[in-house]
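Dear colleague,

Please find below the structure that I am handing over to you. My notes on it follow directly after it.

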Amino acid sequence: MTWMITGGAGYIGSHVVKAMADAGERVVVLDDLSTGDPARLPAGVPLERGSVLDGELVARVLRDHAVDGIVHVAGKKQVGESVERPLHYYRENVTGLQTLLEAAADAGVRRFLFSSSAAVYGMPDVDLVTESTECLPMSPYGETKRAGEWLVRATGRAHGMATASLRYFNVAGAVSPELGDPGVSNLVPMVFERLDRGERPLVFGDDYATPDGTCVRDYIHVEDIASAHLAAAGRLAEDPAAELVLNIGRGEGVSVAEMIRLICEVTGHVDTEPEIAPRRPGDPARVVASADLIRRELGWTARHDVRRMVESAWQGWRLRHPGPRG
Ligand code: WQD
């Protein structure tokens, strides 16, 4: 089997590439290098440089490498930016996916894995979000992921592809410092940055209806994200009619205050107290996955805890930012 991994030179994609290559799968990467870095690819993995929006290129790569499965990780992923530039997000994430699926259907590709997001749920009003919790995305980014799931499912049904949409929760960490740049400003890197500048970490709101008043999320190690892809790819290879929609989370909520405390501990800032800032508009109080379905369907569970995520993220950060004083 040969898998084409789009966005394979990115933060999450490169972890997926590594996991699949380590498991002995043949892999080819398609990446436009807009945010990707070829240095993240293991030796021997071919890179085709270009965009999923280029249908002719995609068709050529599928043919040249005799691709039988696609893992589509490429995409734009910044919620705030998607509000400013919705057309750009729809073009990259929806038109890009459509172009890719057209080429895949023409080439007779039989397996398709799609990177979706917990952003499809919006502001879920439940303790644990299951895959049947209503999807009410709150941003153009979340909308493009929801529309993507529909496109993938419909194409799979019409063209005989086994499909999976994997809804990532809050991804953090790295398998090695070189792969550790998430490329976006999420909680963990934002706290690192404040600490490096000698500033106190910011908590966006401490008056939410949660145990300590700060927002609760389900953080998941990127290596676990990658192993979930491997498990899902295995299922798609076995079951030509598979049509999976699965949360990838740990099923455990961690509050912003708890996370900041842990980050301060891991980075040696034990006496640092965070500063309470106003709420960030659009933040749901609590988004925690039920990880039951993926366990039942694929026998997969996350292995790494939040400490491991923060420690590995910190090593990656330090590699790229060699210290506040040089
Ligand atoms: C986590 C919590 C912040 C920084 C986003 C997307 C989601 C997914 C992951 C792609 C929130 C708080 C943050 C800081 C803080 N992306 N925070 N101080 O918003 O849960 O999820 O990224 O699929 O779709 O929405 O992640 O890391 O930005 O924030 O208090 O300095 O940390 O308010 O409650 P979020 P995040």
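Predicted model: local features only at pLDDT ≥ 70, side-chain atom pairs only at ≥ 80, totals over all residues.

Which residues of α8 are buried? They are Val256, Ala257, Met259, Ile260, Leu262, Ile263, Cys264 and Val266. Here, buried means under 20% relative accessible area, exposed means over 50%, and partly exposed lies in between, for a 1.4 Å probe and protein chains only.

Residues are numbered from 1 along each chain as its sequence is written, and side-chain values use heavy atoms, with hydrogens and water left out.

Helix α8 and its surroundings

Helix α8 spans residues 256-266 and is mostly covered, with 8 of its 11 residues buried. Helices (H or I, at least four residues) and strands (E, at least two) are DSSP runs, numbered from the N terminus. The buried residues of α8 pack against the helices α6 (187-196) and α10 (306-320) and the strands β8 (202-204), β10 (219-221) and β12 (254-255). After α8 comes Gly268, which has a positive phi near 75 degrees.

The axes of α8 and α10 come within 10 Å and cross at roughly 50 degrees. Such axes are lines fitted to C-alpha atoms, for helices over the stretch in contact, and the angles run from 0 to 180 degrees between N-to-C directions. The two helices α8 and α10 are therefore oblique to each other; angles under 35 degrees count as roughly parallel, over 145 as roughly antiparallel, 65 to 115 as roughly perpendicular, and the rest as oblique. On the α8 side, Met259, Leu262, Ile263, Glu265 and Val266 meet Val306, Arg307, Val310, Glu311 and Trp314 of α10, where contact means heavy atoms within 4.5 Å. The residues of this contact divide into 7 nonpolar, no polar and 3 charged. In this classification Ala, Val, Leu, Ile, Met, Phe, Trp, Tyr, Cys and Pro count as nonpolar, Asp, Glu, Lys and Arg as charged, and the others, Gly among them, as polar.

Helices α1 and α7

Helix α1 (residues 11-22) and helix α7 (residues 222-238) have axes that come within 8 Å and cross at roughly 55 degrees. The pair α1 and α7 is therefore oblique. Tyr11, Ile12, His15, Val16, Ala19 and Met20 in α1 meet Val222, Ile225, Ala226, His229, Leu230 and Ala233 in α7. By class, this contact of α1 with α7 has 10 nonpolar, 2 polar and no charged residues.

Cysteines

How many disulfides are there? The count comes to 0 disulfides, a disulfide being a pair of cysteine sulfur atoms within 2.5 Å. For Cys135, the nearest cysteine sulfur is that of Cys215, 20 Å away. For Cys215, the nearest is that of Cys264, 18 Å away. Cys135 counts as buried at 17% relative accessibility, and Cys215 counts as buried at 5%.

Positive phi values

Most residues other than glycine have a negative phi. Leu33, which is not a glycine, has a positive phi of about 60 degrees, and its place is in the loop between β2 (26-31) and β3 (47-49). Ala66 likewise has a positive phi, near 45 degrees. Ala66 lies in the loop between α2 (55-64) and β4 (69-72) and is exposed, with a relative accessible area of 52%.

With kind regards
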